[in-house]
Amino acid sequence: MRLSEEDFTKIPWHDIVALGTKTMLYRDTFTISWLLGRFCNYKCSYCWPYARADKKDHRPTELCLKTIDEIKRQARDQGFNSFNWSLSGGEPTFHPGYLDILQHLADDEHAKRQRIHMTSNCSRKMKWFETYIEYAQKFDKASITASAHFQSHQIKRKALISNKNFWKAFAVTQSKLKKLRICSLRFTDITFILLIKINYGQM
Ligand code: SF4
């Protein structure tokens, strides 16, 4: 392990007046991390128990929309008017009102800036993502953390190299990426972040 050559004892602690990211310190940004439900269509052995469920446990869409309004009301009371929304689950794309939630967020003309982030296993069909892009492009910035769970594709680690299904699954992931990249060009912002996490798990 390489140790830092900085002498941290020389940091002028008494001169530091604030510590944080630029977005948090100098903008009126309010960040919301929201687990939309625990339902997930995958069953990865390494998933932590409270993170997934077989049963759909989504809150009613109408309640979610009211919750959004209340979050914004309270945030605005405290002087925040830019919002970073991070939606996850379970697998958040299975919330029946997912796109309604995005639309409701995007309909807010009073927000100074809104960003949307999603963590997904990307198992939905490409058509779903194309629709998602239509909605997400109304935001100032959109990003996806895409987790590839090969275990849930029922692929055995031992047979990975010789198993043509693995390469088929890999190719599907690759082709999705290409299409997502093309779709991303339609975003108004200059960035579209797609972070790929590959979880092989224990097989
Ligand atoms: S895809 Fe994610 S949430 Fe779903 S079972 Fe696997 S680790 Fe858990």
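Modeller: A nonpolar core is a set of buried Ala, Val, Leu, Ile, Met, Phe, Trp, Tyr and Cys residues joined through C-beta atoms within 7 Å. Buried means that 20 or more other C-beta atoms lie within 10 Å of a residue's own; 12 or fewer is exposed, and in between is partly exposed, with C-beta atoms placed from the backbone. The model is predicted: local features need pLDDT of at least 70, side-chain atom pairs count only at pLDDT 80 or more, and totals for chains, interfaces and linings use all residues. Numbering runs from 1 along each chain as its sequence is written.

Now the core. The largest one has 17 residues. W85, L102, I116 and A136 touch the most other members. Two or more residues each come from β2 (82-88), α3 (98-106), β3 (113-120), α4 (126-136) and β4 (141-149). These are DSSP runs numbered from the N terminus: helices are H or I, at least four residues, and strands are E, at least two. The top contributor is α3, with four residues.

Take L102. Setting aside neighbours within four places in sequence, L102 is in contact (C-beta atoms, placed from the backbone, within 7 Å) with I116, Y135 and A136. In soluble globular proteins, nonpolar side chains tend to be buried together.

G90 lies in the loop between β2 and α3. A cis peptide bond joins G89 and G90, with omega about 20°. C122 sits in the loop between β3 and α4. Its phi is near 55°, a positive value in a residue other than glycine. C122 counts as buried because it has 24 C-beta neighbours inside 10 Å. Most residues other than glycine have a negative phi, and most peptide bonds are trans.

Key: Two residues are in contact if their C-beta atoms, placed from the backbone, lie within 7 Å.
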